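I opened this notebook to keep track of what I looked up. The entries follow the order in which I worked.

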Amino acid sequence: MSKPKGFEKPTGVRDYLPHVVSKLRYIEENVLQSMSQWGYRQIITPTLEYYDTVGVASSTSDRKLYKMLNNRGTTMVLRSDMTTPIARVMGSLLKEEPLPIRLAYHANVFRSIEEEAGREAEFFQTGAELVGVDSPEGDAEVIALAIACLQATGVQNFKISLGHVGFLSGLLEEALPGKVREQEALKDRLLNRDFVGFREQLSAFNLSNAQRSELEGLLRLRGAEDICEQALEISSNEQASASIRHLCKVWEVLEAYDISKYVMIDLTMIGNFSYYTGMVFEGYAAELGSPICSGGRYDNLLAQFGRSVVATGFALKTNRILDGVQLPVPQPEKPIMVTYDAASRREAFAHAASLRQQGKMVVTEYAAEATNDNLSSDGYGEIVHFKSGSPAISQ
Amino acid sequence: MSQILKVAMPKGRIYKKAAELFLQAGIPIPTDVDESRKLIVELPEAKMEFILAKPVDVPIYVEHGVADIGIVGKDVLMEENRDVYELLDLGIARCRMSVIALPDWQPGIQQRVATKYPNVASQYFRERGQQVEVIKLNGSIELAPMIGLADRIVDMVETGQTLRENGLVEMEELFGITSRLIANRVSYRMKSEEIQQLCDQLQKVIQPSTANETQEIR
């Protein structure tokens, strides 16, 4: 690549101009406020981590990690999510802290991306982790909090899809007992959202017609709580039915929160299997082509950092909400302009200070005699002129 | 209340076949829009809107969510690797992706492969432990081995007519190709009923032999 021109910045990173920042802060403040009202306390972790610890444990694929060497030649990564650094803290600084622990964060994360528009290399995530609760109550609390956060930002018309990785694992184990490679192939197809490939794989295996149509039927298991009953009938595998019973209980709790209307059960939805261990969910807004939040249960991650406890969490894709969703962001108040000449400087500053004390926004500007009347009132709520020897004039 | 489905349709070869399939499924899509210069065709009676795009662009529109669903060849999906749902094999526009060369081809020291599908070709040869140089061309790929730009090509073969006319032979087949129905990640959930209904309608008219034939090709 040729030497960059002066105005250029790397693909995938961006500048946030003031009007965008006010929307971003609006989202951030409202979401963090909700989380704090649910008892989740904020945590900040470093941008840089070791590749061998947080880098390896994170769910981000290796080629998407930003790696660099420090001055000793150790490989470092820019954090690609916040869940893994938090897991590291749980296993070290918070090791003795009694459970459950509720943590919230708002941070920039980094993913090395293909050079193409629409995929960001640095973006914000606002999220929460509930550590040490393995009941359906815990799962439901995290989903309820995600919904409360979406509502707090003012996103209209959103939906949450809820699934469980254990159901599929159990179902596949039942149909193809012990055949790990075949099971992996099918999971891969579903993870890549390749339903055609999934059906092709199924017909390539030696399955009875009943089993095949049962597994194909999986692709239709989407809807409300009745899906749970349908799914229970499909499988007698212990893991599969335990997963479904768990989801049913989560659903019950969601009903008590009175938010089940936002949620649909979707057993085709599966997360990254090496990472998620239980229920998984994703949130969608009608106006946006990609999910606005995702989360789930990851009971094995913390063990990698020496504290074997269960955890559930989610993160909002804050940038997507920022760019793609109309939000009721309040218009910022316009500042008051105070102009002054040399002799009235002291008086003007005192006036500005008292206005600021009242919480007003005040801009001061030195204005010589001639320019005094030319000052445009655009962008200012009010203009106050201080001139020596005459009283202050407001405009 | 059902919502409008935005469908990205590929212009050219696949359009007519896809339109026929939609007609059989009871969706009154005009079959001749391809010849007009219209880019967007509304079909309020079916609650659909068709966007006419270049085939390779269909998955891009769908991935970004400006179209809810789309129809595209498996060749494009394999090459582009987009994050979309692949819902149905429509069984139309059937052909295959193959390695093609002159009949007297012998592996040389520096092997070069010309193709419109550099990702597909690179991956295929890497998996077979062959290091080849891939040259991306945009059309008339058959020229490359004839005039010595590359010693082999990877391209789609429908009848094999063009190959025969130019004295080329098919050496290996990579995979079979048909057109697929794809869906955006969010639309698949936010418009799940509409999409499921369309899938069911199409499923009824898709040639039942499809799955088996694809299997044999593999």
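**Ground rules**

I noted that this is a predicted model, in which local features need pLDDT of at least 70, side-chain atom pairs count only at pLDDT 80 or more, and totals for chains, interfaces and linings use all residues. Residues are numbered from 1 along each chain as its sequence is written, while chains are lettered from A and ligands numbered from 1 in the order in which they are written.

**Chain B as a whole**

I looked up the secondary structure of chain B and found nine helices and eleven strands. Helices (H or I, at least four residues) and strands (E, at least two) are DSSP runs, numbered from the N terminus. The radius of gyration of chain B is 19 Å, close to the 17 Å that the globule rule gives for 218 residues, so chain B is as compact as a globular protein of that length. That radius is taken over C-alpha atoms, and the rule is 2.2 Å times the number of residues to the power 0.38.

I then checked the box: along the principal axes, the C-alpha atoms of chain B fill roughly 65 × 35 × 30 Å. Of the 218 residues of chain B, 40% count as buried. A residue is buried if 20 or more other C-beta atoms lie within 10 Å of its own, exposed if 12 or fewer, and partly exposed in between, with C-beta atoms placed from the backbone.

For contacts I used the rule that the C-beta atoms of two residues, placed from the backbone, lie within 7 Å. Among contacts in chain B between residues at least 6 apart in sequence, 67% join residues at least 24 apart.

**Loops of chain B**

I looked at P30(B), in the loop between α1 (13-24) and β2 of chain B. P30(B) is partly exposed because 13 C-beta neighbours lie inside 10 Å. From P30(B) to P145(B), 115 residues away in sequence, the C-alpha distance is 41 Å.

R94(B) sits in the loop between β5 (85-89) and β6 (95-101) of chain B. R94(B) has 18 C-beta neighbours inside 10 Å, so R94(B) counts as partly exposed. R94(B) and E42(B) are 52 residues apart along the chain, and their C-alpha atoms are separated by 28 Å.

**Backbone details**

Most residues other than glycine have a negative phi, and most peptide bonds are trans. I therefore listed departures from this.

K47(B) has a positive phi, near 55 degrees, and lies in the loop between β2 (40-43) and β3 (48-53) of chain B. K47(B) is partly exposed, because 15 other C-beta atoms are within 10 Å.

D258(A) also has a positive phi, near 65 degrees, in the loop between α10 (238-257) and β9 (263-266) of chain A. D258(A) is exposed, because its C-beta neighbours inside 10 Å number 9.

The peptide bond between L99(A) and P100(A) is cis, with omega about -5 degrees. P100(A) belongs to the loop between α3 (83-90) and β5 (101-110) of chain A.

**Helices of chain A**

R199(A), L202(A) and S203(A) of α7(A) meet R212(A), L215(A) and E216(A) of α8(A).

Is α5 (165-175) of chain A mostly covered or mostly open? I found it mostly covered, with eight of its eleven residues buried. Among those buried are F167(A), L168(A) and L171(A). The cover includes β7, α6 (180-191) and α8 of chain A.

**Where the chains meet**

I noted 20 residues from chain A and 18 residues from chain B in the contact. On the side of chain A that touches chain B, β7 (158-164) and α7 each supply at least two residues. The largest share of that side, seven residues, comes from α7(A).
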